[in-house]
Amino acid sequence: MTGRRVSLSAASGLAAAMGVGRFVFTPILPIMVDSAGVSPSSGAVIATANYAGYLLGAVVLSIRPGVNTTAAFRAWAVVLVVSELAMAAVDSTALFSFLRLLAGMASAAIFLGCASTVAHHAKASPGVTFGGVGTGIAASGILTLVAAPHLWWQGLWLCSAALTAILIAPALALRIHAESRSGGGENPLSTRDRTIWRVLLATYFLEGLGYIIVGTFLVAAVGGHGNSSVGPAVWIVVGLAAVPATVLWHAVARRITTKRALVAAFSLQTISALLPALTSNSAVAVVSAVLFGGTFMGITLLTLTTAARLPIGRTAAALTTVYGVGQVLGPLVVARAIGDSYTVAFIVAAVVLALGTIGAAAVARLQTDVRAEV
């Protein structure tokens, strides 16, 4: 495969696994609250199950990267589609949670398979690949906006499964390469590098914790103000903003260095969480969606790029694991405080992301002041 084909095929895989497979629950959640007897707190539990599955998948691949094979990748693609189909056939929080757990595991396996394969291919573009997440998010939002007036929530899950299957198809041609066990350097890890790594892990944990609160509840919060079309429309904006985000942050990093770009991305995402806590105005929600969509995959790209320069092996799997821990905790932290308002949830997210910004700034201070080559 050429570098361009690898990039696009992996982007299609991320669109399916992350953009739809993981995040389609966000625009469908308000509909399930209205029609399936799912309460907001139950929705948080179901979402948490998905994030727990993502964490479990990341942990397994961190410990045993060798199981990240082409055959396993294809098997997880089937699991992902089947889990979405089965969502239409069950009607309890426990079963919803189990199926979302499976979807989370599949998403982690597909994400790491695509990411490690692109990293292995010298001419592949991570910026193009990670942009696939935004494409999938936009597609899930469009699907919900167009189909929701005509289908029950079960039909939306069936359509989501079909969309996932269509998007994942090009990625099935990839030859998956597991992440390397060893770092690129031959010298022992210095005290400075070890400190950078630890701070980076903590910072990415905070990103997982903060961003997932916004990503889980933004549509439900906006859609709860009398216009059912506003929520999916805002989610489409998130996806459209995310499509070019990684390419743009790649360019920004080349101009101002990766470390400064990471601080900037965290700062903007903090604002995206704070805005819906201050007002429920739809126009402000759109601004929040643009900032959120334009930063969350950018932060992933910039963090993975920073880690890849350290003489440490399997950084992507380790970072994905701590990110997954944050995602599991995020909805649980705010579940009891949600009630009929999501304001507290967004305040918590803003505080967490502000701490993440401080962590990114600490990483920047620890690094040498050289221009990025990403």
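This is a short talk on helix packing and a few single residues in the structure above. The model is predicted.

I will start with helix pairs. Two packed helices are described by the angle between their axes and the distance between the axes.

The pair to look at to begin with is helix 4, residues 70–87, and helix 5, residues 93–120. Their axes come within 9 Å and cross at roughly 150°. Angles over 145 degrees count as roughly antiparallel, so helix 4 is roughly antiparallel to helix 5. The crossing of helix 4 past helix 5 is left-handed. On the helix 4 side, the contact is made by F73, W76, A77, V79, L80, S83, A86 and M87. On the helix 5 side, the residues include F96, L99, R100, L102, A103, I110, G113 and C114. By class, the residues of this contact between helix 4 and helix 5 are 16 nonpolar, three polar and one charged.

Two residues from that contact can be taken further. S83 lies in helix 4. Is S83 buried or exposed? S83 has a relative accessible area of 3%, and buried means under 20%, so S83 is buried. Apart from neighbours within four places in sequence, S83 is in contact with L99, L102 and A103.

C114 counts as buried because its relative accessibility is 0%. C159, by comparison, is at 28% relative accessibility and counts as partly exposed. As for disulfides, a disulfide is a covalent bond between the sulfur atoms of two cysteines. How many disulfides does a search of the whole structure find? The search finds zero.

Next is helix 11, residues 258–278, and its packing against helix 15, residues 343–366. The axes of helix 11 and helix 15 come within 8 Å and cross at roughly 170°. That angle makes helix 11 roughly antiparallel to helix 15. Helix 11 brings K259, L262, V263, F266, S267, Q269, T270, A273, L274, P276 and A277 to the contact. Among the residues they meet in helix 15 are T343, F346, I347, L353, G356, T357 and A364. The classes in the contact of helix 11 with helix 15 are 16 nonpolar, six polar and one charged.

Helix 11 also packs against helix 13, residues 296–308, with the axes within 9 Å and a crossing of roughly 150°. Helix 11 and helix 13 are therefore roughly antiparallel to each other. Helix 11 passes helix 13 in a left-handed crossing. Here helix 11 uses T258, A261, L262, A265, F266 and Q269, and helix 13 uses F296, I299, L302, T303, T305 and T306. Seven of the residues in the contact of helix 11 with helix 13 are nonpolar, five are polar and none is charged. L262, F266 and Q269 of helix 11 are in this contact and also in the one with helix 15.

Two single residues remain. Q327 is in helix 14, residues 315–338. With a relative accessible area of 0%, Q327 is buried. Leaving out residues up to four places away in sequence, Q327 touches R22, Y51, Y54, G208, L209, Y211 and I212.

L248 is in helix 10, residues 245–256. L248 is exposed, with a relative accessible area of 54%. Which residue lies 121 residues from L248 along the chain, with its C-alpha atom 8.3 Å away? That residue is G127.

Conventions
Residues are numbered from 1 along each chain as its sequence is written. This is a predicted model: local features need pLDDT of at least 70, side-chain atom pairs count only at pLDDT 80 or more; totals for chains, interfaces and linings use all residues. Side-chain values use heavy atoms; hydrogens and water are left out. Axes are lines fitted to C-alpha atoms, for helices over the stretch in contact, and angles run from 0 to 180 degrees between N-to-C directions. Helices (H or I, at least four residues) and strands (E, at least two) are DSSP runs, numbered from the N terminus. Angles under 35 degrees count as roughly parallel, over 145 as roughly antiparallel, 65 to 115 as roughly perpendicular and the rest as oblique. A crossing is left-handed if the near helix is turned anticlockwise from the far one by less than a right angle, and right-handed if clockwise. Contact means heavy atoms within 4.5 Å. Ala, Val, Leu, Ile, Met, Phe, Trp, Tyr, Cys and Pro count as nonpolar, Asp, Glu, Lys and Arg as charged, and the others, Gly among them, as polar. Buried means under 20% relative accessible area, exposed over 50%, partly exposed in between (1.4 Å probe, protein chains only). A disulfide is a pair of cysteine sulfur atoms within 2.5 Å.
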